[in-house]
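Subject: Handing over a structure

Hi there,

I am passing a structure on to you, with some notes on what turned up in it. Please have a look at it first, and then read on.

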Amino acid sequence: MIWRLEALSEQGFENTALGTLVMPYFSGMGNLIYAFILGRTGGDGAQVMTNSLVNNVTDMTLVLGLPAIIWGIKILPSKKKDGNGKKTKAAGKTHELNRLSLLLTLMAVLFFTGAVWALGRKGSLNANDGFVLVGLFSFLAMLPCF
């Protein structure tokens with residue numbers, strides 16, 4: 001998986017697009033298989049929800065925390081300076097776009113968390129709720145195309 005992502009990056013595929021459009025499918029494949037197996041065998045839906053929550057909490061803490069401890073992680077690239085020591089306009093725009101992308105992603109997390117909470121308040125998710133969630137996901141996945 002990493003080999004193919006690196007190949008896409010070398011062919012000019014934007015890293016932000018890789019992180020938002022491609023990587024979630026690769027990293028979420030185990031969760032999708034787990035949900036499929038439990039759904040097909042009539043397993044407990046609470047296990048799917050717990051698995052999703054624990055997986056995301058693990059991604060946001062351990063998967064980010066360990067590399068940060070060992071190597072450090074640049075979330076936003078440092079602003080480049082020209083020969084006179086002044087920050088260049090292009091570097092400033094890139095920095096601001098990266099910051100905006102990060103903030104929009106965090107807002108999307110809160111929005112989708114709220115949507116799942118609102119749909120699940122009755123204690124279950126039915127087929128209509130599933131269509132709403134898949135529709136929201138499809139909208140998010142198509143958003144970078146505009």
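Among contacts in the protein chain between residues at least 6 apart in sequence, what percentage join residues at least 24 apart? The share is 26%, where contact means heavy atoms within 4.5 Å.

Before the rest, some notes on how to read this. The model is predicted, so local features need pLDDT of at least 70 and side-chain atom pairs count only at pLDDT 80 or more, while totals for chains, interfaces and linings use all residues. Residues are numbered from 1 along each chain as its sequence is written, and side-chain values use heavy atoms, with hydrogens and water left out.

**The chain overall**

The protein chain has six helices and zero strands, giving the pattern α-α-α-α-α-α along the sequence. Helices (H or I, at least four residues) and strands (E, at least two) are DSSP runs, numbered from the N terminus. Of the chain's 146 residues, 11% count as buried; buried means under 20% relative accessible area, exposed over 50%, and partly exposed in between (1.4 Å probe, protein chains only).

Helix 3 has 13 residues and reaches 18 Å from its first C-alpha to its last, close to the 18 Å expected at 1.5 Å a residue. That expected span is 1.5 Å times one less than the number of residues. Just after helix 3, Gly 42 takes a positive phi of about 75°.

The axes of helix 3 (residues 29–41) and helix 4 (residues 45–70) come within 10 Å and cross at roughly 170°. Axes here are lines fitted to C-alpha atoms, for helices over the stretch in contact, with angles from 0 to 180 degrees between N-to-C directions. The two helices are therefore roughly antiparallel to each other (under 35 degrees counts as roughly parallel, over 145 as roughly antiparallel, 65 to 115 as roughly perpendicular and the rest as oblique). On the helix 3 side, the contact is made by Asn 31, Tyr 34, Ala 35 and Leu 38, and on the helix 4 side by Gln 47, Val 48, Asn 51 and Asn 55.

Asn 31 of helix 3 is buried, at 19% relative accessible area. Not counting residues up to four places away in sequence, Asn 31 touches Asn 51 and Asn 55.

**Two more residues to look at**

Pro 67 lies in helix 4 and is partly exposed, at 23% relative accessibility. Leaving aside neighbours within four places in sequence, Pro 67 is in contact with Leu 62, Gly 72 and Ile 73.

Asp 129 sits in helix 6 (residues 127–142) and counts as buried, with 7% relative accessibility. With neighbours within four places in sequence left aside, Asp 129 is in contact with Leu 119, Lys 122 and Ser 124.

Enjoy exploring it!

Best wishes
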